[in-house]
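Visitor: I am new to this one. Could you walk me through it?

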Amino acid sequence: MPRKENPSSIEHSQRFSTKSQNTKDKFACENLYTDGTPASEIGSMEKYEEVTRKRNKTEAIKGKIRSFSKHQFYVLATLCYGNFCIAACVSLQAPFFPREAEEKGATPSQYGLVFGVFELTIIVASPICSKLLSHVSPNFLISAGLFFCGTTTILFGLIDRAPSGTPFIALSFTIRIVEGLGSASFMTAANAVCAGEFHDQVAMALSTLHSFFGIGLIVGPTLGGGLYQVGGFSLPFAVLGSLLLLGIAQVFFFLPQTEWSKEEKSGDFFKLLANFGIIANSLVIISSLLSIGFNVATLEPHLRQFDLKGGVLGTIFIINGGIYAFTTPIFGWICDKGVSPKLLCMFGSFLSALSFLFIGPAPFLSFSPELWLIVISLLILGLGLSAKIVPAFYCALRETIKLGFPDDFSTKALVSAIFSSSISIGAFIGPTLGGYLLEHFGYRSATVIIFIEECAMLLLLLIQVKSEKRTFTRKT
């Protein structure tokens, strides 16, 4: 005799059968769900809903990946190329320019200032470029920046034919100032476009952009040292300058016209700088680039005691940028996952301080300089830099929106200008201070100053975190 079905069981089965049938076409399989669970093993509505939640979560992740459009890909690829070339041009002379400058009668303080004046120009020009973004196309500023950087890089390769002394130094300063104008134009527009195009993945997009900057720092000294051995002083600058000029064609053909509005008015640059959080984030970036600039001007004289060849010397210079390039996307991804960017900045400051304690090593340590210790210190420094730079920009952008600034392109341009200026302040102070300290105190004593600066940065971040916690507690 047939078994009599329970009415509630029949109703339950009908509901379940209807839902399963509705999903049949979407899964393209009657008996297998997206997580591999056979329908026969589901057995209850609760299990069905659990499987559905997993499917929806998977599809949401896939949808987010698919949302990275062709337009965004071209934007990021073009900006990464320009960032790579500019970084390579900035760093390519590090293995050989100090020696050439000394042969032309320049002191460490003077050629350190030649490195630094490039960044000083960016400090002044970046706020101006952010204001220009309210009146001209970002694509125009990007193209103009590549043109000035490429042309001046080629011209810099000809200064070895200038007379020694004042003419050589004056020409070096003039060319680097114009190159700084081009870099300010490109960097301010590029960071603003990147922040505007990637609304939901700002940290990841910026970390990718700055990874290519790090790769440029790698390739620059290596390519510069190799080409210098092959063709002398002019060849490295001619090759890298030509690559920059090639970037103009890439912008014309491959960079889509980004969305911007002349109706948007740029915010108050100095009003934003009055906020303690913005100041702290700016100082994080300044300290990071100060570390890089310091080694650009001083590490090569310190390495002369090991009597290294040009290719090996160039390889030593790529370590710092290499670690920075390959670990920056990791920290950008961590930021997008919700980890506190301030904690990452504190971690980066700790690593940077540790690096400068041993790279000399500091005079109060009992052991002498060792090449393997310098290499390990540069590895640690690269990791510390990647933990600070992108998280600091990400944090500054969030602070700006919290202060009531509109979440539009003009605000992103303003934060980008502060970011570019902070980079350049650090990169100006680094080689300038480094050249002076190297000339008067030597490399080992000079690294103690940078070690103290990084410790002070770590203390400032701790104070900021404590202050924000007290403010939050009072409000709640």
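Visitor: Which helix does Ser424 lie in?
Guide: This is a predicted model. In it, one helix covers residues 409-440, and Ser424 is part of that run. The helix is helix 15.

Visitor: Is Ser424 buried or exposed?
Guide: Buried means under 20% relative accessible area. Ser424 has 0% relative accessibility, so it counts as buried.

Visitor: What separates the C-alpha atoms of Ser424 and Leu289?
Guide: Along the chain, Ser424 and Leu289 are 135 residues apart. Ser424 also touches Glu119, Ile122 and Ile123, leaving out residues up to four places away in sequence. Between the C-alpha atoms of Ser424 and Leu289, the separation is 7.5 Å.

Visitor: Where does helix 11 bend, at which residue is the kink?
Guide: Helix 11 runs over residues 276-303 and has 28 residues. From first C-alpha to last it reaches 39 Å, close to the expected 40 Å. Its kink is about 40° and comes shortly before the proline Pro301, at Ala297.

Visitor: How many residues of helix 11 are buried?
Guide: The rest of the structure largely encloses helix 11. One of its residues, Ser282, is buried at a relative accessible area of 8%. Of the 28 residues in helix 11, the buried ones number 25.

Visitor: Which backbone oxygen does the side chain of Ser282 reach?
Guide: Ser282 is in contact with Leu273, Ile418 and Ser422, setting aside neighbours within four places in sequence. Its side chain also reaches a backbone oxygen at 2.9 Å. That oxygen belongs to Ile278.

Visitor: Which element has the lowest mean pLDDT?
Guide: The mean pLDDT of the protein chain is 78, and 80% of its residues reach 70 or more. Helix 13 has the highest mean among the elements, 93. The lowest, 46, belongs to helix 1.

Visitor: How many contacts does the stretch of residues 8-43 have beyond near neighbours in sequence?
Guide: Over residues 8-43 the pLDDT is below 50. Where pLDDT is low, the predicted coordinates should not be read in detail. With that caution, the model's count for residues 8-43 is 37 contacts.

Technical notes:
Residues are numbered from 1 along each chain as its sequence is written. Side-chain values use heavy atoms; hydrogens and water are left out. pLDDT is the predictor's confidence in each residue, from 0 to 100. Helices (H or I, at least four residues) and strands (E, at least two) are DSSP runs, numbered from the N terminus. Contact means heavy atoms within 4.5 Å. The expected span of a helix is 1.5 Å times one less than its number of residues. The bend at a residue is the angle between axes fitted to the seven residues ending there and the seven starting there. Buried means under 20% relative accessible area, exposed over 50%, partly exposed in between (1.4 Å probe, protein chains only). A polar contact is a pair of N or O atoms within 3.5 Å; within protein, one must be able to donate a hydrogen and the other to accept it, and residues adjacent in sequence count only if both atoms are side-chain atoms.
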